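I opened this model to record backbone geometry, helix packing and a few individual residues. The entries below follow the order in which I looked things up.

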Amino acid sequence: MPRRRKTKAERDQEWWAADRRAWEQFRPRLESLQSYADAQRLVAETPPPDSPGRRYYSNLGFFLGEFISPTGSSYDEKDLYTQLIQRMDARGELKPGARQKIEQDLRRA
């Protein structure tokens, strides 16, 4: 018996579930970052194009390059970026006053 082809709704549901699992794996890793170097190492582990969860790595890479909120990032991501900036500032990795500006930009985004 031939296999039934999945509907677009079924494929979308599978993609959403896989993306959610990817976020659940990525989130604790982002929460545990302590420095810019740690964050760069995480970005270096970006999955291949069209993989579930790739956008989280891409968003982090964009954020690290410009210290501005990536388009399409979630509130959770922005909150975790704020926490990362606070840890980086505590380590002395940011210029004086930079943390406040970055945090303001994240709140406005």
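**Entry 1: Basis and confidence.** I worked from a predicted model, in which local features need pLDDT of at least 70, side-chain atom pairs count only at pLDDT 80 or more, and totals for chains, interfaces and linings use all residues. Residues are numbered from 1 along each chain as its sequence is written, and side-chain values use heavy atoms, with hydrogens and water left out. I looked up pLDDT, the predictor's confidence in each residue on a scale from 0 to 100. The protein chain averages 94, and 99% of the residues score at least 70. By element, I found the lowest confidence in α5, at a mean of 94, and the highest in α2, at 97. I kept one caution in mind: where pLDDT is low, the predicted coordinates should not be read in detail.

**Entry 2: Length of α4.** I took helices as DSSP runs (H or I, at least four residues), numbered from the N terminus. Helix α4 covers residues 75–90. After α4 comes Gly92, with a positive phi near 85°.

**Entry 3: Burial in α4.** I applied these classes: buried under 20% relative accessible area, exposed over 50%, partly exposed in between (1.4 Å probe, protein chains only). The buried residues of α4 are Glu77, Lys78, Leu80, Tyr81, Thr82, Leu84, Ile85, Arg87 and Met88. I noted that the buried residues of α4 pack against α1 (8–32), α2, α3 and α5.

**Entry 4: α4 against α5.** How do α4 and α5 pack, and at what angle? I used axes fitted as lines to C-alpha atoms, for helices over the stretch in contact, with angles from 0 to 180 degrees between N-to-C directions. Helix α4 and helix α5 (residues 98–108) pack at about 180°, with axes 10 Å apart. That angle makes α4 roughly antiparallel to α5, a label for angles over 145 degrees. With contact meaning heavy atoms within 4.5 Å, I listed Lys78, Tyr81, Thr82, Ile85, Gln86 and Asp89 on the α4 side, meeting Arg99, Ile102, Glu103 and Leu106 on the α5 side. By class, this contact has four nonpolar, two polar and four charged residues. The classes are Ala, Val, Leu, Ile, Met, Phe, Trp, Tyr, Cys and Pro as nonpolar, Asp, Glu, Lys and Arg as charged, and the others, Gly among them, as polar.

**Entry 5: Gln86.** I then examined Gln86, which lies in helix α4. Gln86 is partly exposed, with a relative accessible area of 36%. Leaving aside neighbours within four places in sequence, Gln86 is in contact with Arg99 and Glu103. The C-alpha atoms of Gln86 and Arg99 are separated by 6.8 Å, with the two residues 13 apart along the chain.

**Entry 6: Tyr36.** I found Tyr36 in helix α2, where Tyr36 counts as partly exposed at 30% relative accessibility. Not counting residues up to four places away in sequence, Tyr36 touches Leu64, Phe67, Met88 and Glu93. Between Tyr36 and Ile85, 49 residues apart along the chain, the C-alpha separation is 8.9 Å.

Entry 7: Phe67, one of the residues touched by Tyr36, has a positive phi near 55° although it is a residue other than glycine. Phe67 lies in the loop between α3 and α4. Asp50, also not a glycine, has a positive phi of about 65°. I placed Asp50 in the loop between α2 (36–43) and α3 (54–66). Asp50 is exposed, with a relative accessible area of 71%.

**Entry 8: Gly72.** Is Gly72 buried or exposed? Gly72 is exposed, at a relative accessible area of 56%, and lies in the loop between α3 and α4. Apart from neighbours within four places in sequence, Gly72 is in contact with Arg55, Asn59 and Glu77.

Definitions and conventions: Helices (H or I, at least four residues) and strands (E, at least two) are DSSP runs, numbered from the N terminus. Angles under 35 degrees count as roughly parallel, over 145 as roughly antiparallel, 65 to 115 as roughly perpendicular and the rest as oblique.
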